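Hello,

Here is the structure I promised to pass on to you. Have a look at it first, and my notes follow just below.

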Amino acid sequence: MVAVQGEAFHGDITVYMIPPGASPEQAFTVGLNCLRGGMVGKAREHITQAVVDGHVTSRSCFYLLLALLSGRTLQQVPDHELSCLAMAQGKIAGHAEDEWTRAVRVINRLLESLRAGDVDASGVEERLRELSDDRRDEILRHLELFLHGPVQNASWARAFAQANRDRCDSARLDRVWKFFQPKPFEPRARPARSPDTPISGWILSATTTALSLTAIGHVSLQAWLYSWSSTVLATLLLAAGAYGCVPAGVEWRYRSERLRAMDRELRTARQRSAEGLPRGFSSRIDRQFIDYFARYVPRTIEREAWLALTDGIRQVLRDEVIELYRESKIDAKRVSWLIRYLVSDVKDRWQRGLLHQDRDLLRVPAATKARFALGALVSGAGLVSLLWSGFTISPFSVVGAALLAAVVGVVAVRGWLRIVLEYKWYAADRIREKRQLNERQAAFDRWTRKLKDKPDDREMASWLDCDRKALTEEAMRHYKLQPDDVIAHAFIEAPATSYKRARVRNGPWRYSRYKLLVFLLTADGVRQMSVDLDFQKVTFHNRRRINYRYDAVAAVQVIDADDGRRTFELTLVNGHPIEVEVTGPPPNPESEPEEDPRTVSQVTLDTAGLGNTLHVLEGVAAEGKEWIKHERERERDRLTDLANAARGFYR
């Protein structure tokens, strides 16, 4: 079973980051983004700080009230937060009425009616209808724990209908997968290696060339004394042969060395693969190449045969990617686009019969070999003629000059051949580098255009909220419950098995597969339903239901590991454990070196609903069914405190 398939970290998004020296208005904006993204804890922190620092408006007061009450009961609201709310409301008491002051007044009067125990459903509904759709939806979303009786029936029905409409809104099925794709790293190509012939090589080649030409000149002079006409003919033959032989020989040698280098690279890559790669970036790149080659298989060949055929190519491409990006300290997933492109290019070339095109282009043509052989034969004939003519005039000096020319000539030829081959190799590599960069840039541009409409974190939070409401509606429909039959409810969102995950900086993890649990507390006991949610396909799987009485709850706990993992565990009296790992493994330090794993875990927990779930179930475990009555009494006491704090706002 695979625990994590992959993760992405969107570090270029600053929607949840407060810049250094930020103004209260900027802090409020970030807090509002956190509230809309489901990170209520962070929203309370930032919005409260903004209000304390002087950003007090009817709008900030409305969202402060939502942040303070969202996702928790009044027992969970500390006294100092109520005091902060009273201070803010007091400062805007004289403001002109607008949509924000009307919304705040609706919330306060709803809470006041709950404190009095006399909920005027029609009056609350009328006041809610007076608000804009956005304000009404925000109130119903964040204050759903405070809605009871007829108000609860109407608001939940409206919320369920809205959730069913919005679950696949904004092209979710076509876009949501893009959120789990990391920001691609820019394309690179292996740079051409510049010629590195030392100055001593140039000097040695020039010196030996001068000595060789001097020796040949002496032989030519002696031959001229013997017969100027035969010397001219021999010189012409030597020059013509060299003109045809030297370029052909250089080309032959270049192609042969290039082929040998390719073979050597294949052998080295296979040997490194057999020995095993070090763990970390290299091994993750290797796994991606294996995975994509196994997926991108031509239709006319079996997978095993394809993998065997492309084994050497796969290893060479893998080594190139590792060499290009290893020092960048990036997550291997950020170059997945390049690996997919390289693998698909191999598949395309095989289908067009061009898989071994690079090797085929380096094979020495027969014409080149023939030109070299003919040139060598002609120049050899001219050289023999010169030597014979010169030997006739001065045998000893010509033999000495010929030996000198042969010895230093070999050194000169090798030196100049090495220099020419280096520059020829460099020129070919420059062409290859430019071509690869252009091709990879085009692939990079195609991929970035495809990801351009990637959903933002707030859309992901909204879709997940719709899924949670859809599960709640399904559970209530199965158990034949009306909203006012539910005394309290709680939920947990946790990663399922075999998932992908992604997050923005300072944001929670979002998963491609979730395990959702909903707890519905009724007069008869707890109704629990859990499902596996395929977030990308918007489908529920593996439904599991369990019912138990309040006195059947033995213990509730959260196991807090040092690396930030949190595990929720509910144990029934019969010993049956209900265990859920609410957060996944800690972040990859290569992709997020500056963030504390525990902070990431806490932000994720903030959106998972664990706080209210613990409050409810811990109360049930401690007090049993009596928790319902006690909770109502405690709620009225806290509502009285809240009403006293907000009384200065009423008119």
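To begin with the overall picture: this is a predicted model, and its protein chain has 22 helices and 10 strands. The chain runs to 651 residues, of which 49% count as buried.

Three strands form an open sheet in the order S8-S9-S10, and their pairing is antiparallel. Strands S8 (553–560) and S10 (577–581) are at the edges; each has a single partner strand, so one side of each lacks a neighbour in the sheet. From one strand to the next, the twist averages 10°. Strand S9 (residues 566–572) pairs with S10 in the antiparallel sense over five bridges.

Finally, the cysteines. How many disulfides does a search of the whole structure find? The search returns zero. Take Cys466 as an example: its closest cysteine sulfur is in Cys168, 9.3 Å away, which is too far for a bond, because a disulfide needs the two sulfur atoms within 2.5 Å. Cys466 is also buried, with a relative accessible area of 5%. Cys245 counts as buried too, at 13% relative accessibility, because the cut-off for buried is under 20%.

Technical notes: Residues numbered from 1 in each chain as written. Predicted model: local features only at pLDDT ≥ 70, side-chain atom pairs only at ≥ 80, totals over all residues. Heavy atoms only, no water. Buried < 20%, exposed > 50% of the residue type's maximum accessible area, 1.4 Å probe, protein only. Pairing = 2+ DSSP bridges. Helix = DSSP H or I, 4+ residues; strand = E, 2+ residues; numbered from the N terminus. Axes fitted to C-alpha atoms, helices over the stretch in contact; angles between N-to-C directions.
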